[in-house]
Amino acid sequence: MPEIKVLPEEVVSKIAAGEVIERPASVLKELVENSLDAGATRIEVEIRKAGRGLIRVHDDGRGMGREDLRLALGRHATSKLNVFDDIYSLATFGFRGEALYSIFAVSRLKMTSCLAGADSGYSLEGEGGRVTAELPAPPVKGTTIEAADLFFNTPARAKFMKSDAAERAQLIKVVEEAALANPGAAFRLVIDGSELLNLPVLPGGMMENLKNRAAAVFGKSVYGGMAAIEARGEGIAVYGLVSRPDALAATRVNQHFFVNRRPVASPLIRQALYRGYAHMLTGRHPACALFVELDPASFDANIHPQKRDVKFSSENEVFKAVSNAVYAELLSKQTASVRMDERGGAPAFSAPDVPAYRAPQPAASAPSAETASLFDNPSAAAEPAPAPFAAAPQAFDWRGEDLSYIGQLAKSYLLFDCAAGLLVVDQHAAQERILFEKYLDEFSKGAIKVQPLLVPLEAELSRSQMETVLKWHDWLKEAGFELDQRGPTVALLRAAPALFYFTQTAFAEFLGYLSEVLGDPGKAAEDMKRNIVATMACKKSIKAHDFVKPQEAMRLMEDLKRAKDGFHCPHGRPTLFHLSGGDIARRFQRGGAV
Ligand code: ADP
Ligand code: MG
């Protein structure tokens with residue numbers, strides 16, 4: 001008796017038409033999900049030529065008999081009906097019965113499968129949706145699916161694919177997310193003959209395995225800054241790993257959210273996570289592997305397979321459960337450690353006020369600054385866009401005036417006597433502006449002075465970040481950054497533009513940021529690439545709180561005078577403001593000038 005049935009028409013019509021197979025990573029995602037659905041405890045993935053050559057997934061799941069093997073390739077064929085009470089929650093879980101059908105249509109496919117205890121396995125081969133051979137196979141329990149020459153018959157689609165490195169990064173991410181979400185199954189990933197991930201199932205249960213996997217996926221340094229959270233409430237459980245507030249990152253590249261173990265991109269959950277940090281975020285971003293588990297009837301996954309969004313029937317409950325779980329854990333950590341306020345009293349922050357969740361407004365109205373910067377636009381999130389600062393009290397032009405240096409305030413501001421008033425300069429903003437322009441100037445002249453580093457700086461990256469960084473390798477070299485790789489997750493900086501000075505941490509943040517925002521080197525406009533790299537390098541190469549000597553202060557102002565835009569740092573913040581004698585006198589309720 002075949003297990004596989006064809007979905008009823010009413011469900012079929014709810015399934016968004018076609019477009020399941022967009023790129024190699026979508027093939028891999030479907031195959032890995034099928035293996036997991038088949039109860040596999042070991043999944044081995046092999047990729048060649050960024051997935052265009054071969055995507056092979058081998059599992060030890062329950063396998064298929066001969067007839068099911070044939071049926072599996074039919075449209076809207078699924079064996080997963082009986083698992084669910086109603087066909088609608090079936091679709092909610094992404095069982096559409098069309099993945100294999102769609103993959104078969106655009107590749108040369110070979111499926112080999114064997115049921116436990118059967119005398120023989122079977123294998124089917126075909127291409128472009130046509131079966132060409134059917135053969136017996138050795139009786140090895142489980143299923144192997146090989147999709148070769150993806151898009152061989154749809155050259156138009158093939159053109160849409162990104163660079164090999166970009167596709168590989170996506171493929172790796174699929175396995176990383178599956179491995180995080182399914183600690184009960186072992187995963188192995190081999191790309192072009194080299195092993196990128198090998199994650200066995202360790203004794204010790206869910207949390208132990210999740211930790212082991214997080215260490216492999218995030219890299220040791222990010223993982224080292226994470227804390228476990230767990231909160232099980234009525235009808236909803238929230239657990240996983242999140243960054244401690246003292247270990248936040250410059251980007252949100254290491255955020256993974258799961259609902260009932262399926263990876264999702266949920267603005268609501270992300271927003272709730274951020275809310276859990278209350279004011280501890282300071283514009284930075286937590287890494288996370290955050291799991292929400294709830295009754296399948298209480299959410300709806302968008303049926304379109306490429307959209308990973310979910311709709312919850314009670315958004316506020318989910319929002320509160322997540323933000324409270326995060327907050328409660330961080331609070332207990334803070335209380336236990338030294339972050340008491342100076343009087344030794346309660347921790348120096350108060351419970352987040354959890355307001356009702358408001359979904360981001362659709363594009364018609366501009367999203368609020370907070371929502372936009374944190375959740376909508378990844379580049380804005382990584383580097384908050386210039387806020388609409390109140391323009392500095394208008395344009396007092398200090399450039400023609402004599403300056404005499406008064407001193408430094410809070411190791412951050414330089415004070416000058418200027419035109420019978422006070423000129424206050426943000427030394428970091430000014431330094432950033434000057435470096436930014438000098439660097440871009442050297443760049444445009446093709447004359448970047450490069451300084452080899454005696455001791456290379458290291459940045460620990462996730463494997464997918466590393467893929468992204470590698471595809472920028474050549475361009476970054478032109479930009480003055482010589483990168484090298486040590487092992488699959490450590491990037492080395494061997495030389496950098498002489499203008500910049502990086503600490504180890506700053507370099508790691510610089511590279512982490514770039515790996516998120518830069519996209520495809522071939523596609524981005526040259527100006528934009530230069531601007532991004534320059535902005536970030538300047539920001540990261542400025543040491544906070546340095547002492548500035550008087551001569552340095554004067555030299556800085558000379559440089560600033562020559563800058564094209566000496567009034568703003570590269571992010572758009574003002575570099576300085578001037579208080580006139582009149583302004584100062586008014587503060588003392590005097591009539592005249594100082
Ligand atoms: P769906 O997963 O939505 O049911 P698919 O097209 O992905 O649809 O797969 C069709 C059917 O083929 C599945 O329902 C399942 O019965 C069978 N199948 C696919 N992959 C495997 C696998 N690795 N092991 C066992 N059965 C599988
Ligand atoms: Mg499937």
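Me: At what angle do helix 15 and helix 17 pack, and how far apart are their axes?
Reply: In this predicted model, helix 15 (residues 463-471) and helix 17 (residues 504-517) pack at about 80°, with axes 9 Å apart. Helices here are DSSP runs of H or I with at least four residues, and axes are lines fitted to C-alpha atoms over the stretch in contact, with angles running from 0 to 180 degrees between N-to-C directions.

Me: Which residues make the contact between helix 15 and helix 17?
Reply: With heavy atoms within 4.5 Å, Q465, T468 and V469 of helix 15 meet L511, G512 and S515 of helix 17.

Me: What makes A99 and L100 polar contacts of ligand 1?
Reply: A polar contact is a pair of N or O atoms within 3.5 Å. An oxygen atom of ligand 1 is 3.2 Å from a polar backbone atom of A99 and one is 3.0 Å from a polar backbone atom of L100, so both pairs qualify.

Me: How much of ligand 1 does the protein cover?
Reply: The protein covers 96% of the 530 Å² of accessible area that ligand 1 has on its own (Shrake-Rupley method, 1.4 Å probe).

A note on the conventions: residues count from 1 along each chain as written, chains are lettered from A and ligands numbered from 1 in written order. Local features need pLDDT of at least 70, side-chain atom pairs need 80 or more, totals for chains, interfaces and linings use all residues, and side-chain values use heavy atoms, without hydrogens and water.

Methods. Polar contact = N/O pair within 3.5 Å; in protein donor to acceptor, adjacent residues only side chain to side chain. Helix = DSSP H or I, 4+ residues; strand = E, 2+ residues; numbered from the N terminus.
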